[in-house]
Amino acid sequence: MKFHSFFLIKFRALIVVSCLFLSCAKDIDLSQRENISLTPDLQIDLLIYDIDQSQFNDPTTGNLKTRISDTVRLEFLDDDYIQNDLSSVDFYFRHINTFPREIVSKIRFLSESNVEQFTVNYTIQPGATGNPITTEENELIEEGRVDLVRRSIKMVVELEVQPGTTAFEGELDFASKGFFSFEF
Amino acid sequence: MMWRLICFFLLFSSAVVSQNKPLLFNVDDLPQTLMSNPGAQINFTGHIGIPLFSQIHLSAGSTGADLYDIFADDGTNINTRIQETMRNMNSRDYFAVNQQWEILSLGWKLDRKNYLSTGIYQEVDVFAYFPKDPAVLTNEGNSNYLNEPFYFDDVSFTGEILTVYHLGINHKFDKRLTVGARAKLYSGIFNAESTGNTGRFTTYTTPGGRNVYRHEVVDLDVLINTSGFAPLKDEEGMTVEQATAELLSRSFFGGNVGFGLDLGLSYILDEQFILSGSVQDLGAVFQRKEVENYRYFGAYETSGLEPLFPDLDENDEAIPYWDIFEDEIDRNLRDETTNQSYTTWRPIKANFAMEYGFGPAFLPCHYLSVKKVRYMNLLGMQLSGVKRPKGFVYALTAYWDRKINENQRFKIAYSLDDYSLTNIGLMYTRTFNKFNVYLAANNLLGFPNLAKAHSASIQLGMQLIFNK
C-alpha cells in the first residue's frame with residue numbers, strides 16, 4: 001500500500017512537471033490559423049498560333065476568306081480552384097503581324113451554353129514583310145467581374161481581315177497568357 | 001597508445017555522429033543506458049521496469065521555424081510571416097518527432113561477466129525535410145520565380161510506427177573492455193516514405209519564342225511508399241479514434257517484420273578516462289503487407305494550346321484541343337499505384353563519448369559486481385548522429401555527470417545541434433530503496449516559452465533496480 005501510494009504520488013508529480021513544461025507557450029495567438037490563406041499568383045500560357053495567308057484561303061472558291069475563327073475549350077476553368085478560389089485574372093494577348101492590312105481580333109469567352117461572358121476586341125496594326133508590327137492588349141478581370149471567368153469554358157479566337165488594296169501576304173503570330181491570382 | 005586511441009576516436013566520431021538521447025547515455029545507474037549502448041558499463045545486477053512507465057520519451061524539433069515565427073501575437077499579418085518564414089528556410093531544414101514508449105523492460109546478471117536485458121517498446125518516428133520548392137510554388141505561385149526551377153527533389157520524408165522486441169547481452173570482456181549487443185525484432189504498424197525523388201518544374205520566359213512562357217517538367221520521378229495506410233484510406237468516414245484503434249490492433253506481430261542490431265562498447269583507457277561508443281538500429285523492416293506505392297513520373301513541356309482554324313461548317317464539331325492536350329499530358333506525365341514490397345532501413349544512430357572521472361566513490365560490495373572504480377563526477381564529451389535521408393544529423397554534447405550520493409544523481413549537458421546553440425539539458429534520477437525514478441529534459445531554456453523553442457525533449461520513467 002505504501003509502495004502504491006508512493007508510486008501514484010511520484011507519477012502524478014512527473015505528469016504535473018511535464019504538463020507545466022508543455023503548457024508554456026507565450027506571445028502567440030493560435031486563433032490566427034483561421035486567417036491563414038495561400039495566395040499563389042500563376043502565370044499560365046493559353047493559346048498560340050502562327051498562321052500565314054493560306055489560312056485565309058477559301059478552299060472551295062480559292063478567294064480570300066476575310067473572317068476565320070476557332071474555338072478552344074479551357075476545361076480547367078471549371079475546376080474547383082477556379083470556381084472557389086480565383087480572385088482575379090489579367091489576360092495578355094499579343095499579335096505580331098507582317099500582313100499589310102489591319103485585322104480585327106475578337107476574343108470571346110463563352111459559357112457551356114455559348115452565352116458570351118466577356119469579349120476582348122482590338123485591331124491588329126498592319127505590318128510588312130521584314131517589318132513585323134506588334135499589337136498588345138491586356139484585359140484585367142478583377143474580383144467584381146471574376147464570375148465571368150468562372151462561367152466561361154470556351155475561348156473563341158476570331159480574325160477579320162479589313163479591306164485593302166495591297167496583296168494579302170504575310171504571317172500573324174499570336175501569343176496569350178493569363179496571370180491568375182488565387183486566395184485559398 | 002592512449003592518445004592514438006583518442007585520435008582514432010575523434011577522427012571516427014567526426015565522420016559518423018549525431019543526436020539521440022544524450023542525457024541517458026552512459027548513466028550507469030539506469031538500465032536505459034543499455035538501450036543506447038548495449039556495451040555500457042553498468043552498476044546494477046537486475047532491473048524490472050514498471051510496465052508502460054519505465055520509459056516515456058518524447059521529442060520534437062524544427063530547425064527552420066518555431067511556433068512564434070508563424071503565430072506571433074504582434075499585430076502583423078500571419079500570411080506575411082508564413083511567407084517570410086518559408087523564404088528563410090531551405091530544403092535541408094527539417095521537422096522531426098520521435099516518441100518511444102517502453103511497454104516491458106527487465107534484465108538480470110547471468111554471472112559476473114554477463115548481463116541479459118530484454119523488453120518491448122513502441123516507437124513513432126517522423127522525419128520530414130521542408131519541401132521548400134513545392135511549398136513556395138503552392139504558396140506564392142510561379143509569377144515571382146520565372147526561369148527558376150522548382151525542384152521536386154525537396155520532397156523527402158519518412159514516418160513509421162512500430163513495436164520493437166529486443167534481447168541484449170552486456171559482456172564484461174576484461175578489466176578494461178565491456179562489449180554488448182542487442183538483437184531487435186521489429187513489428188511495423190505503419191510506414192510512409194518518399195526519398196530520392198527527382199524532377200523540376202520551370203516557367204521560362206521565351207522572348208522570340210512561340211508564347212510568352214514555356215512551362216517545362218523535366219525528369220519527374222516521385223515515389224511514395226506506404227504500408228499499413230491502404231486499409232485506413234479505404235475506410236470512409238473513419239474517425240481518428242477508429243484509425244488509432246486499428247493501428248494499435250497491429251501492435252503485436254500484426255504488421256511487417258524486420259530485424260535489427262545494436263552494438264556497443266566501452267573501454268577504460270586508464271583509471272579515469274573511459275571511451276564508449278555504440279551504433280543502434282542496424283536493421284531494416286521488410287514492408288510486405290498492406291503495401292501501396294504511388295509513383296508520378298515523366299517529362300513534358302508546353303507553351304499553350306494551338307488552334308488550327310479548320311474549315312468547319314456550322315454543324316461540324318470543333319477540334320477537341322483540350323482533350324488532345326490532356327491525353328498528351330497523360331501519356332507524358334504518368335502516375336501509377338502499385339503494391340510492390342519494399343524495404344525500409346531504420347535510422348541508424350551512432351554515439352561516441354569520452355569521459356573523465358574524478359572524485360572516487362565506493363560501490364556496495366557484491367559478488368556479481370566487477371566494476372572496481374567509480375567516480376562521483378564525470379566530465380564528458382559525446383558526439384551523436386542519426387542517419388536521415390539526406391545524411392547524418394549531428395549533435396555534440398558536453399556534460400557533467402554528478403553523483404550526489406548512492407541514491408541521487410544528476411547530469412547537466414550542453415549540446416550543439418541543428419536546433420539551437422543554447423541547448424542545456426538536465427537529468428535527475430533518484431532511487432528509493434529499489435524503486436527508481438528519473439526525469440530528463442533537453443533544451444531547458446526553451447521550456448519557459450515553447451513557442452520560441454526549436455526543439456523540446458523529455459524522458460521519464462520508473463523501475464525497480466537491484467544492485468545486491
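Mentor: Happy to! Keep in mind that this is a predicted model. Chain B is built from eight helices and 21 strands. Of its 468 residues, 38% count as buried. Taking contacts in chain B between residues at least 6 apart in sequence, 69% join residues at least 24 apart.

Now for our strand, β1 of chain B, which covers residues 46-49. Its side chains alternate between two faces.

Next, look at the partners of β1(B). One is β3 of chain B (residues 94-109), which pairs with β1(B) in the antiparallel sense over three bridges. Within that pairing, B:I48 stands opposite B:L106. Another partner is β21(B), also antiparallel to β1(B), and here four bridges make the join. On that side, B:H47 stands opposite B:I465.

The contact between the chains takes 45 residues from chain B and 45 residues from chain A. On chain B, β21 (455-466) is one of the elements that each supply at least two residues to the side touching chain A; others include α4 (78-88), β9 (213-227) and α8 (321-332). That side of chain B divides into 27 nonpolar, 13 polar and five charged residues.

Conventions: Residues numbered from 1 in each chain as written. Chains lettered and ligands numbered in written order. Predicted model: local features only at pLDDT ≥ 70, side-chain atom pairs only at ≥ 80, totals over all residues. Contact = placed C-beta atoms within 7 Å. Nonpolar A, V, L, I, M, F, W, Y, C, P; charged D, E, K, R; others polar. Buried ≥ 20, exposed ≤ 12 C-beta atoms within 10 Å, placed from the backbone. Pairing = 2+ DSSP bridges.
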